[in-house]
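Please look over the sequence and the model shown here before reading on. The briefing that follows takes up the overall build, then individual helices, loops and residues.

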Amino acid sequence: GITLELALISAGRGLVLGLVLALMKYSRHPFLYWPASVYIEFFRTTPPLVQIVWLYYGLPLLTGFDLGALGAAAVALGLNIAAFYAEILRAGIIQVHRTQWQAARVLGLDLKDTLRFVILPQALRNVLPPLGTTTIYLIKDTALASAIGTPELLRIGQLIAVETFRPVETLTIVAVLYFVITYPVALLIGRMESRFKVARV
């Protein structure tokens, strides 16, 4: 349950922030482009484990605000995955032909409605496979939260292994449970991709 909660919170935050970052970087305006670029490159090129540990131990020292183990892990993973989502979504937006923007403008749609009804639906359809793969990686990366004692799947498996002196059997069960969690996500993305391909035809 904790693993699913951690993955859902991180993915939700990551998608929202990733979309904002993708639009900022796509705009090419210096005041939007450069902050988004710096953010994306920083979080893509630093280990998520370091980010989790830093938020858990460093943030309270600097600000006095303690997120707790689950909160620090959720925030860190959300911030990290947002950088990857941002580049995926930006690639999807780039694939939408410029004539779509022009057609929306001719129809009198403002920027908000153009993105909502014209650009983003096509962009999401274009990038479903990498979005799904990245989300699966996120679910597996929740195991990193065990480093700060978050009671997610791997952490509980480690505790059981220590108590029972059966690490191989316990961690095998943990691996099977990760498969049970992630495989339906892969199937869902595959079905959505097939459905959109049929709709396109």
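At 10% relative accessibility, Thr182 counts as buried, where buried means under 20% relative accessible area, exposed over 50%, and partly exposed in between, with a 1.4 Å probe and protein chains only. The model is a predicted one, in which local features need pLDDT of at least 70 and side-chain atom pairs count only at pLDDT 80 or more, while totals for chains, interfaces and linings use all residues. Residues are numbered from 1 along each chain as its sequence is written, and side-chain values use heavy atoms, with hydrogens and water left out.

**Overall build**

- The secondary structure comes to nine helices and zero strands, helices (H or I, at least four residues) and strands (E, at least two) being DSSP runs numbered from the N terminus.
- Read along the sequence, the pattern is accordingly written α-α-α-α-α-α-α-α-α.
- Taken along the principal axes, the C-alpha atoms fill a box of roughly 70 × 45 × 25 Å.
- Of the 201 residues in the protein, 37% are buried.
- Among the contacts with a separation of 6 or more, 72% are accounted for by residues 24 or more positions apart, a contact meaning heavy atoms within 4.5 Å.

**Surface and charge**

- The accessible surface of the protein comes to about 11800 Å², and 69% of that surface belongs to carbon and sulfur atoms; accessible areas come from the Shrake-Rupley method with a 1.4 Å probe, and for residues only the protein chains shown count as cover.
- The mean positions of the 17 positive and 11 negative charges are 12 Å apart, with Lys and Arg counted as positive, Asp and Glu as negative, and His and the chain ends not counted.
- The place of each charge is taken as NZ of Lys, CZ of Arg, CG of Asp or CD of Glu.

**Helix α9**

- Thr182 is found in helix α9, which spans residues 167-200, and a polar atom of the Thr182 side chain lies 2.9 Å from the backbone oxygen of Tyr178.
- Leaving aside residues up to four places away in sequence, Thr182 touches Ile136, Ile139 and Lys140.
- Tyr183 is also found in helix α9, but Tyr183 is partly exposed, with a relative accessible area of 41%.
- Tyr183 and Ile136 are 47 residues apart in sequence, and their C-alpha atoms are 8.4 Å apart in space.

**Helix α6 and its kink**

- Helix α6 (residues 111-126) has a kink of about 45° at Ile119, shortly before the proline Pro121, the bend at a residue being the angle between axes fitted to the seven residues ending there and the seven starting there.
- The buried residues of α6 are Thr114, Leu115, Val118, Ile119, Leu120 and Ala123, and they pack against α1 (2-27), α4 and α5 (98-106).
- Thr114 has a relative accessible area of 4% and is therefore buried; not counting residues up to four places away in sequence, Thr114 touches Trp101, Ala104, Leu109 and Ile119.

**Ala73 in helix α4**

- Ala73 is found in helix α4 (residues 68-95) and is buried, with a relative accessible area of 0%.
- Beyond residues up to four places away in sequence, Ala73 touches Leu6, Ser10, Ile52, Ala145, Ile148 and Thr150.
- Between Ala73 and Val176, which are 103 residues apart in sequence, the C-alpha to C-alpha separation is 23 Å.

- Arg28, which lies in the loop between α1 and α2 (30-45), has a positive phi of about 70° although it is not a glycine; at 57% relative accessibility, Arg28 counts as exposed.
- Phe165, in the loop between α8 (153-164) and α9, has a phi near 60°, a positive value in a residue other than glycine; at 73% relative accessibility, Phe165 counts as exposed.
- Leu159 lies in helix α8 and counts as partly exposed at 39% relative accessibility.
- Leu159 and Thr170 are eleven residues apart in sequence and 9.6 Å apart in space, C-alpha to C-alpha.

How values were computed:
A polar contact is a pair of N or O atoms within 3.5 Å; within protein, one must be able to donate a hydrogen and the other to accept it, and residues adjacent in sequence count only if both atoms are side-chain atoms.
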